Amino acid sequence: MRILSGLQPTGRLHLGNYFGMMKPALALQHEGEAYYFIADYHSLTVIQNAAELRDNVTNLAIDFLACGLDPEKAVFFRQSDVPEHTELAWILSCVCPMPMLENCHSYKDKAARGIIPSAGLFTYPVLMAADILIYDSDIVPVGKDQKQHVEVCRDLAVKLNLIFGEGLLKVPQSRIREETAVVPGLDGQKMSKSYGNTLGLFEEEKALKKKIMGIKTDSTGVEEPKETEGNTILQFYKLMAGADEVAAMEADFRKGGIGYGELKKRLLEKTWAYFAEAREKRAQIVAQKGYVEDVLQAGAAKARAVARKTMDRVRAAVGLK
Ligand code: ADP
Ligand code: TRP
């Protein structure tokens, strides 16, 4: 089974990325042949500053490795080191009906948020489809917001197969972990860097404290019982705490006598402890000069060999040679 997923290097990793995509993806690296990449071509739709893009790529690669990506198990690479992705994207775009892209929420949402509505942003799902199809992927672990893009990918694979021959491209499945499908942000909306409501995995302790202690709560007094349903503190806590700890926290909400300040402190301690190992690993990786680039280059060599094979097959099938 081949598993593939990508993450855009558009900013620092947050809890939404981690629980929505990275954690399930890391668990899957032990279940099959995993291909994970940093989607830097995609990020050009948003980041148009070379130094910033490079910096983000490096940081995301370090974060991925610090969180447990095992380069001996998974093929880990930078998208732009395998330029065949863009070639397949072109071929797919020639069979992609415009309305299919016009239907995509992500383009509409991003344009509404002020991102330049470029042709690249519009055709982005086609490039994403190429990312997936070029590796004959079986499973694509992503957050809920990417589900539609995987549907587009499946439709394009079926279409290309219909025109140029059954079995030319493998039709993949998305895999979404329902329980953490959408991680809320500090303000209760979906956590997203574009809403400025994120909790970062590798934030300084002081910054993390400021954010957690600043979570908006209702005016229920210290002594009063507190509503557990939809409470942001509890929702975050549930992502990281064990079942017993969650039950104890919920009991404390219900019985009253404990203020939100105290409950937030407990969340802060949990968050800091939960990522302690990853923080330590991150520091070790940063200290090993050249390590990250070596990992990415080795991954790219493996990925490119597979991508070239697919392109040979596709080129032949569509008549490009
Ligand atoms: P952002 O919304 O911060 O820009 P991205 O769009 O770069 O995040 O998302 C990267 C990956 O993380 C995707 O697979 C996406 O589904 C997942 N993801 C992002 N935010 C969340 C969230 N709040 N809950 C669950 N998954 C998320
Ligand atoms: N579009 C994804 C995101 O914004 C990133 C991505 C690009 C991706 N190509 C992919 C995810 C292929 C899974 C498979 O998060």
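This is a predicted model: local features need pLDDT of at least 70, side-chain atom pairs count only at pLDDT 80 or more; totals for chains, interfaces and linings use all residues.
Two packed helices are described by the angle between their axes and the distance between the axes. For helix α7 (residues 119–133) and helix α8 (residues 147–164), the axes come within 9 Å and cross at roughly 70°. Because angles of 65 to 115 degrees count as roughly perpendicular, α7 and α8 are therefore roughly perpendicular to each other. The crossing in which α7 passes α8 is right-handed. On the side of α7, the contact is formed by Tyr124, Pro125, Val126, Met128, Ala129, Ile132 and Leu133, and α8 contributes His149, Val150, Val152, Cys153, Leu156 and Ala157. Classified by residue type, this contact comprises 12 nonpolar residues, one polar residue and no charged residues.

Val183 instead places a backbone N or O atom 2.7 Å from a nitrogen atom of ligand 1.

Around ligand 2 there are 14 residues, and those that come nearest are Gln8, Tyr124, Met128, Asp131 and Gln146. Tyr124 and Met128 also take part in the contact between α7 and α8. A polar side-chain atom of Tyr124 lies 2.5 Å from a nitrogen atom of ligand 2. The side chain of Gln146 has an N or O atom 3.0 Å from a nitrogen atom of ligand 2, whereas the corresponding distance from the side chain of Gln8 to an oxygen atom of ligand 2 is 3.1 Å.

Notes: Residues are numbered from 1 along each chain as its sequence is written. Chains are lettered from A and ligands numbered from 1 in the order in which they are written. Side-chain values use heavy atoms; hydrogens and water are left out. Axes are lines fitted to C-alpha atoms, for helices over the stretch in contact, and angles run from 0 to 180 degrees between N-to-C directions. Helices (H or I, at least four residues) and strands (E, at least two) are DSSP runs, numbered from the N terminus. Angles under 35 degrees count as roughly parallel, over 145 as roughly antiparallel, 65 to 115 as roughly perpendicular and the rest as oblique. A crossing is left-handed if the near helix is turned anticlockwise from the far one by less than a right angle, and right-handed if clockwise. Contact means heavy atoms within 4.5 Å. Ala, Val, Leu, Ile, Met, Phe, Trp, Tyr, Cys and Pro count as nonpolar, Asp, Glu, Lys and Arg as charged, and the others, Gly among them, as polar. A polar contact is a pair of N or O atoms within 3.5 Å; within protein, one must be able to donate a hydrogen and the other to accept it, and residues adjacent in sequence count only if both atoms are side-chain atoms. A residue is near a molecule or strand if one of its heavy atoms lies within 4 Å of it.
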